[in-house]
Amino acid sequence: MRPCRECGTSPDPDAASALTWVHERDADGREHWLCPACARRHVRDIEAKLPHEWWA
Ligand SMILES: [Zn+2]
C-alpha cells in the first residue's frame, strides 16, 4: 500500500483500519490509495468515477 493520495497519511498494515483503505484506479490506469477519512469525504466522487481534478 502507498500513502493516501489526498492527505499523504501512510497506512499502518498492522492496524485494522488498513482494511478500510480504498484502492482506486484512474481512467488512465494510475492506481491510488485513499485513507478511510478521505475515502469517506470523497465517496460521492469515487462512486461517480470523477477525474480527481473534479473532486470537491
Ligand atoms: Zn487521506
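Colleague: Is cysteine 38 buried or exposed?

Modeller: Cysteine 38 counts as buried, at 2% relative accessibility. Buried means under 20% relative accessible area, exposed means over 50%, and partly exposed lies in between, with a 1.4 Å probe and protein chains only. Please note that this is a predicted model, in which local features need pLDDT of at least 70 and side-chain atom pairs count only at pLDDT 80 or more, while totals for chains, interfaces and linings use all residues. Residues are numbered from 1 along each chain as its sequence is written, and side-chain values use heavy atoms, with hydrogens and water left out.

Colleague: And cysteine 7, what is its relative accessible area?

Modeller: For cysteine 7 the value is 43%, so this residue is partly exposed.

Colleague: Which residues coordinate the zinc ion?

Modeller: Cys4, Cys7, Cys35 and Cys38 coordinate the zinc ion, each through SG, at 2.2 to 2.3 Å. Donors are N, O and S atoms within 2.8 Å of the metal (3.2 Å for Na, K and Ca); water is not among the atoms, so sites may look incomplete.

Colleague: What is the geometry of the site?

Modeller: The site of the zinc ion is tetrahedral, with angles of 104 to 115° among its four donor atoms. Four donors count as tetrahedral if all angles lie between 85 and 135 degrees; four count as square planar and six as octahedral if opposite donors are over 155 degrees apart and all others between 65 and 115, and anything else is irregular.

Colleague: How are the donor residues spaced in sequence?

Modeller: The spacing of the donor residues is C-x2-C-x27-C-x2-C. Cysteine 7 lies in the segment before β1 (22–25), whereas cysteine 38 lies in helix α1 (residues 36–41), so this pair ties together parts that are 31 residues apart in sequence. Helices (H or I, at least four residues) and strands (E, at least two) are DSSP runs, numbered from the N terminus.

Colleague: How many helices and strands are there in the chain?

Modeller: The chain has two helices and two strands, and along the sequence they follow the pattern β-β-α-α. The radius of gyration is 11 Å, close to the 10 Å that the globule rule gives for 56 residues, so the chain is as compact as a globular protein of that length. That radius is taken over C-alpha atoms, and the globule rule is 2.2 Å times the number of residues to the power 0.38.

Colleague: What does the C-alpha trace span along its principal axes?

Modeller: The C-alpha trace spans about 30 × 20 × 15 Å. Of the 56 residues, 29% count as buried.

Colleague: A change of topic: what lies over the face of tryptophan 55?

Modeller: Arginine 5 does, at 4.8 Å from the ring centre. A charge sits over a ring if NZ of Lys or CZ of Arg is within 6 Å of the ring centre and within 35 degrees of the ring normal.

Colleague: Where is arginine 5 in the chain, and what is it in contact with?

Modeller: Arginine 5 is in the segment before β1 and counts as partly exposed, at 27% relative accessibility. Leaving aside neighbours within four places in sequence, arginine 5 is in contact with Glu24, His32, Trp33, Leu34, His52 and Trp55. Contact means heavy atoms within 4.5 Å.

Colleague: Which residues does histidine 42 touch?

Modeller: Not counting residues up to four places away in sequence, histidine 42 touches Glu6, Trp55 and Ala56. Histidine 42 is found in the loop between α1 and α2 (43–47) and is buried, with a relative accessible area of 3%.

Colleague: And what about arginine 2, which residues does it touch?

Modeller: Arginine 2 touches Pro11, Trp21, Glu31, His32 and Trp33, again not counting residues up to four places away. The place of arginine 2 is in the segment before β1.

Colleague: Finally, what is phi of lysine 49?

Modeller: Phi of lysine 49 is near 55°, a positive value in a residue other than glycine. Lysine 49 lies in the segment after α2 and counts as exposed, at 71% relative accessibility.
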